[in-house]
Amino acid sequence: MTKKVAFIGAGSMAEAMMAGFFHSQMIEPRHAIISNRSSDERLTFLQDKYGVRTTRYPQALLADADFVVLTMKPKDAVSGLAPLIPYLHEHHILVSVMAGVSTASIVDVIGKKIPVIRVMPNTSAAVGKSATGMAKGAYATPQHLEAVKELFQTIGTVAVVDDEEQLHAVTGLAGSGPAYIYYLVEAMEKAASEIGLNREDAKELILQTLIGSAQMLKNSPKAPETLRKEVTSPGGTTEAGLKELQKHQCQEAFIQCIKVATNRSKELGEALRNQMLNQT
Ligand SMILES: NC(=O)C1=CN([C@@H]2O[C@H](COP(=O)(O)OP(=O)(O)OC[C@H]3O[C@@H](n4cnc5c(N)ncnc54)[C@H](O)[C@@H]3O)[C@@H](O)[C@H]2O)C=CC1
Ligand SMILES: O=C(O)[C@@H]1CCC=N1
């Protein structure tokens, strides 16, 4: 029997996961129900596109759900969870994808011994290629973790981390990761236009370069540095290009980018804890 999923939040991450779950046939669209804060238009769009059910009644949302996936922003955790509390029971498995938010904070907001699995996927879930990290909360058993792992393995790879704190790093590296790659592609597209390539040719060349490099990184036993050196002929074009990147400290900037994103995840979790303290 396929599992039933309720999504609390109907944004880009909820849609990416839904699309991936449905494509893998792990979840049937009629077994998914989704809510958001206020946009009827958005819920209608998702209903029409995927055949999911929609509601803003907490009781209806949770009635049949096996997994309750929290897909609102960290700042909306309290407002999103509050109406659900009377209908949340220990048989539900809460799956939070909220960046930075600890399982302990979620349990504290709910005030019940609910199993919570904290998950950090990325939007490549939509095409079954998420790089997902996860950790279990205090009231989740290894069986709960396994059930959620099985669910997310249908939309990509899963790394279970022993220490929940490591999910900040997973977020800085892989949760946000697709955006870094898209940013690079934006730069490649701009450059392609300035050096006289038409948009369609450029798109195909960039895409194939990315896919080919990713496949090489995956299949070759060689380190990225070795692969880079193999492209770089002494006195050639690559060397000239890379010198420019080094001049702008591009690698250092990328390292700093990932560290800052990781710290931001910690700050988001702390901001929610402060919000909770101010409300008590
Ligand atoms: N976008 C991404 O690449 C990733 C996002 N995440 C996490 O996923 C979560 C959602 O991110 P996005 O989809 O990008 O955000 P989004 O802004 O696109 O969607 C947030 C959704 O939450 C809903 N919402 C807000 N308050 C609510 C409430 N009180 N009750 C019910 N629904 C409520 C909004 O109406 C909206 O549908 C965030 O916590 C983020 O940290 C995690 C991994 C990757
Ligand atoms: O930017 C964010 O906060 C979310 C978490 C990881 C990707 N998007």
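Visitor: Why does isoleucine 8 count as buried?
Guide: In this predicted model, isoleucine 8 counts as buried because 26 C-beta neighbours lie inside 10 Å, and a residue with 20 or more is classed that way.

Visitor: And where does isoleucine 8 lie?
Guide: Isoleucine 8 is part of strand β1, which covers residues 5-8.

Visitor: Which residues does isoleucine 8 touch?
Guide: Leaving out residues up to four places away in sequence, isoleucine 8 touches Ser35, Val68, Val69, Leu70, Thr71, Met72 and Gly80.

Visitor: What about glycine 11, where does that lie?
Guide: Glycine 11 is in the loop between β1 and α1, the latter being residues 12-24, and it counts as partly exposed because it has 15 C-beta neighbours inside 10 Å.

Visitor: Which residues does UniProt list for "binding site"?
Guide: The UniProt entry, which is unreviewed, lists Ile8, Gly9, Ala10, Gly11, Ser12 and Met13 under that heading.

Visitor: Switching to ligand 1, how many residues surround it, and which are the closest?
Guide: Ligand 1 is surrounded by 25 residues, of which the closest are Gly9, Gly11, Met13, Asn36 and Ala99. The elements giving two or more residues to that shell are α1 and α4, the latter spanning 77-81, and α1 gives the most, with three residues.

Visitor: How do the residues of that shell around ligand 1 divide?
Guide: Eleven are nonpolar, eleven are polar and three are charged.

Visitor: And which residues are around ligand 2?
Guide: Ala99, Thr171, Gly175 and Ser176 are the residues around ligand 2, and by class that shell has one nonpolar, three polar and no charged residues.

Definitions and conventions: Residues are numbered from 1 along each chain as its sequence is written. Chains are lettered from A and ligands numbered from 1 in the order in which they are written. This is a predicted model: local features need pLDDT of at least 70, side-chain atom pairs count only at pLDDT 80 or more; totals for chains, interfaces and linings use all residues. UniProt positions are given in the numbering used here, feature names are shortened, and annotations may be inferred rather than shown by experiment. Helices (H or I, at least four residues) and strands (E, at least two) are DSSP runs, numbered from the N terminus. A residue is buried if 20 or more other C-beta atoms lie within 10 Å of its own, exposed if 12 or fewer, and partly exposed in between; C-beta atoms are placed from the backbone. Two residues are in contact if their C-beta atoms, placed from the backbone, lie within 7 Å. A residue is near a molecule or strand if its C-beta atom, placed from the backbone, lies within 6 Å of it. Ala, Val, Leu, Ile, Met, Phe, Trp, Tyr, Cys and Pro count as nonpolar, Asp, Glu, Lys and Arg as charged, and the others, Gly among them, as polar.
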